[in-house]
Amino acid sequence: MTVRVLFFGLLKDVVGRSEDTVTLPANATIGTLFASYASQHPRLHEMADSIALARNHEFAAPEVALSDGDEVALMPPVSGGADVPDGWVGAASDGNDSFYALTRKPIDSPALARRIVSGADGAVITFEGVVRNNSGGRTTKYLEYECYAPMALKTMQQLGQEIVGRHAIHRIAMVHRLGRLAIGEASVSIVVVAAHRLAAYEASLEAINRLKKIVPIWKKEYFETGEAWVEGDWEEALTRSAGTSP
């Protein structure tokens with residue numbers, strides 16, 4: 001069988017490519033696929049405990065069996081195509097009018113709030129993460145964000161649905177920027193609308209904290225003296241070591 005393999009963030013540098021196509025035996029698993037690449041690139045074996053695996057846009061354990069035509073993604077810790085109409089790389093809505101999107105254009109948070117607010121809302125909380133001019137004692141010139149777009153959008157929507165179900169809020173909107181960002185530009189915007197402020201505050205905090213740990217988006221920082229991928233941590237429930245025996 002033939003499987004398409006995608007590499008993101010730092011892993012692209014480790015293997016020297018962003019994607020590959022491999023032919024595997026009929027009984028292959030994600031774990032055996034990873035082991036094959038780790039044997040060629042020892043750094044992958046060293047990083048195994050922090051690499052998340054996905055099959056067809058869903059997080060998957062190493063023992064998951066592969067089928068012909070599958071797409072497998074190897075993803076380092078999150079830091080955490082052509083545009084479609086309205087400037088979105090991808091966008092989705094829920095039945096309650098919550099909204100999720102990826103974009104290469106500047107984020108308009110006020111417009112995002114207007115999109116989801118209604119007459120029943122007494123609180124609108126907007127969080128923006130913006131690019132700062134320093135990191136780790138070094139001057140930052142700019143950032144670049146990349147993502148596994150289909151899975152990122154799907155994961156954002158699943159996260160939003162969980163948060164709406166867990167908090168007394170009406171709707172949520174999440175938009176993440178991709179590509180090159182200048183100092184002061186917003187990389188992510190989260191808007192929560194609710195009847196009361198406390199629920200909106202709590203939902204907004206959970207949304208950004210979890211988004212940075214489960215949505216497959218990676219950040220690269222460019223300094224006066226070089227560049228580096230920024231690594232964080234996956235949410236613990238998502239990672240079973242890539243190096244676990246299948």
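**Close-up views of a predicted model**

View 1. Arg 210 counts as buried because its relative accessibility is 16%, under the limit of 20%. This and the following views show a predicted model. The residue belongs to helix H6, which spans residues 197-214. Beyond residues up to four places away in sequence, Arg 210 touches Leu 159, Glu 162, Arg 166 and Glu 235.

View 2. Four aromatic pairs are present in the structure. In one of them, Phe 8 and Tyr 148, the ring centres are 4.9 Å apart and the planes meet at 35 degrees, so the pair is classed as tilted. Phe 8 also pairs with Trp 218; here the centre-to-centre distance is 4.9 Å and the angle between the planes is 15 degrees, a stacked arrangement. Phe 8, Tyr 148 and Trp 218 together make up one aromatic cluster. Phe 8 is buried, with a relative accessible area of 9%, and Tyr 148 is buried as well. Trp 218 counts as buried because its relative accessibility is 2%.

View 3. Glu 71 is part of strand S5, residues 71-75. At a relative accessibility of 14%, Glu 71 counts as buried. Glu 71 and Asn 56 are 15 residues apart along the chain, and their C-alpha atoms are separated by 5.1 Å. When neighbours within four places in sequence are set aside, the residues in contact with Glu 71 are Arg 4, Leu 6, Ala 54, Arg 55, Asn 56, His 57 and Tyr 148.

**View 4. Arg 138 over the ring of Phe 223.** Arg 138 is placed over the face of Phe 223. The distance from the ring centre is 3.8 Å.

**View 5. Arg 180 over the ring of Tyr 142.** The charged end of Arg 180 lies over the ring of Tyr 142. Its distance from the centre of that ring is 3.5 Å.

Terms used
Residues are numbered from 1 along each chain as its sequence is written. This is a predicted model: local features need pLDDT of at least 70, side-chain atom pairs count only at pLDDT 80 or more; totals for chains, interfaces and linings use all residues. Side-chain values use heavy atoms; hydrogens and water are left out. Helices (H or I, at least four residues) and strands (E, at least two) are DSSP runs, numbered from the N terminus. Buried means under 20% relative accessible area, exposed over 50%, partly exposed in between (1.4 Å probe, protein chains only). Contact means heavy atoms within 4.5 Å. Rings of Phe, Tyr and Trp (its six-membered ring) pair if their centres lie within 6.5 Å; planes under 30 degrees apart count as stacked, over 60 as edge-to-face and the rest as tilted. A charge sits over a ring if NZ of Lys or CZ of Arg is within 6 Å of the ring centre and within 35 degrees of the ring normal.
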